[in-house]
Amino acid sequence: MNIRIENLTKSYGDQKAVDSISFEVKTGEVLGFLGPNGAGKSTTMKMITHYLNIDAGNITIDGRSVRNTDMKKHIGYLPEHNPLYEDMPVIDYLRFVAELQGVDAVKLDDRVKDMVRLCGLNDEKHKKINELSKGYRQRVGLAQAMIHDPEILILDEPTTGLDPNQIVEIRELIRTLGNSKTVILSTHILPEVEATCDRILIINKGKIVADGTAETLRKTASGSQVLRVKIQAPSQDEVKESVSQLAGVALVEKVEGSENRLEIQSHVDQNVNEAIFRLCVDKNWVLTEMVPFETKLEDIFRDLTMN
Ligand SMILES: Nc1ncnc2c1ncn2[C@@H]1O[C@H](COP(=O)(O)OP(=O)(O)OP(=O)(O)O)[C@@H](O)[C@H]1O
Ligand SMILES: [Mg+2]
């Protein structure tokens with residue numbers, strides 16, 4: 001199912017928590033929602049799941065407004081502050097949520113079992129929710145979001161509190177689910193976005209400041225690319241001078257601590273790799289290394305959100 005968000009706005013008093021944002025997410029897409037604390041991520045997610053009324057704008061799923069009460073069955077939601085029934089044992093809680101979500105009575109036990117297995121809850125399933133550790137509570141939250149096998153998953157910081165083993169499993173699960181479903185997840189773990197998401201949306205002070213793949217964000221952010229090249233030649237000064245003269249090369253720097261390694265900055269639309277290769281062939285130099293050096297997503301994030 002496709003989600004379409006148009007000019008979505010929400011204010012708290014004078015503050016616009018979400019300020020006229022528009023974007024779409026399509027079936028088979030995992031969208032990573034990034035932004036500093038207070039940027040408006042959770043507020044947006046609450047409006048998509050219709051837990052919060054919108055002030056202005058539209059949210060539609062396959063063309064129908066999320067205001068229609070029957071839309072909720074298509075959505076699985078893991079809220080930021082995961083409200084759970086504290087006194088219920090995990091297994092009873094999941095059965096209860098499954099019934100509430102209208103899971104077929106014949107399939108209900110199997111569905112609960114599947115969720116217990118997928119979210120690594122087997123050893124804790126008879127404990128009451130208020131006896132669980134933070135990570136296990138998060139796992140129960142994930143299980144309840146997915147129990148009715150919804151087409152859309154809205155996950156507000158899904159891996160917060162999970163141990164490293166479970167983080168890897170949940171990321172893989174989200175990736176797999178993302179092949180056939182529509183997923184929006186928020187996170188502060190930047191490598192997680194690259195590992196899990198097809199697309200990244202960065203929000204700052206209620207406005208979208210970037211929308212694209214990690215690769216396109218890198219390119220638009222810097223306008224240039226950096227290559228690290230190692231060339232064996234009789235004179236490194238000659239190497240540096242010749243490379244500087246290649247078309248599209250903006251800057252050549254010698255990397256400190258290594259005699260014959262160069263850092264070459266070029267414009268994004270120029271393919272300097274081939275030119276370097278041909279230069280080495282012409283001059284009879286040995287090219288032993290040529291690797292792209294990527295701008296860190298952290299740096300892009302800071303550039304876009306530090307104002
Ligand atoms: N119920 C509320 N009443 C008043 N202000 C609110 C309310 N909920 C959120 N806000 C404000 O709206 C802004 C956006 O909050 P939101 O929770 O959406 O941020 P977020 O991007 O999810 O941040 P975090 O990364 O910390 O979870 C914040 O400035 C917050 O204080
Ligand atoms: Mg939040």
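**Figure 1. Antiparallel pairing of strands β1 and β4 in the predicted model.** Strand β1 covers residues 3–12 and strand β4 covers residues 56–61. The two strands are joined by 5 bridges and run in the antiparallel sense. Within this pairing, I5 lies opposite I59 of β4.

**Figure 2. The hairpin formed by β4 and β5.** Strand β5, residues 64–65, is antiparallel to β4 and is linked to β4 by 2 bridges. T60 has S65 in β5 as its bridge partner. The hairpin leaves 2 residues between its strands. In the turn, D62 has a positive phi of about 45°.

**Figure 3. Residues around ligand 1.** The shell consists of Y12, A17, G35, N37, G38, A39, G40, K41, S42, T43 and E80. Sorted by class, 3 of the shell residues are nonpolar, 6 are polar and 2 are charged. Helix α1, which spans residues 41–48, contributes 3 residues to the shell, the most of any element.

**Figure 4. The protein as a setting for the close-ups.** The chain folds into 10 helices and 14 strands. Its C-alpha trace spans about 75 × 45 × 30 Å along the principal axes. The radius of gyration is 25 Å, whereas a compact globule of 307 residues would have a value near 19 Å. Buried residues account for 34% of the 307 residues. Of the contacts between residues at least 6 apart in sequence, 68% connect residues at least 24 apart.

Notes:
Residues are numbered from 1 along each chain as its sequence is written. Chains are lettered from A and ligands numbered from 1 in the order in which they are written. This is a predicted model: local features need pLDDT of at least 70, side-chain atom pairs count only at pLDDT 80 or more; totals for chains, interfaces and linings use all residues. A residue is near a molecule or strand if its C-beta atom, placed from the backbone, lies within 6 Å of it. Helices (H or I, at least four residues) and strands (E, at least two) are DSSP runs, numbered from the N terminus. Ala, Val, Leu, Ile, Met, Phe, Trp, Tyr, Cys and Pro count as nonpolar, Asp, Glu, Lys and Arg as charged, and the others, Gly among them, as polar. Two strands pair if DSSP finds at least two bridges between them. The radius of gyration is taken over C-alpha atoms; the globule rule is 2.2 Å times the number of residues to the power 0.38. A residue is buried if 20 or more other C-beta atoms lie within 10 Å of its own, exposed if 12 or fewer, and partly exposed in between; C-beta atoms are placed from the backbone. Two residues are in contact if their C-beta atoms, placed from the backbone, lie within 7 Å.
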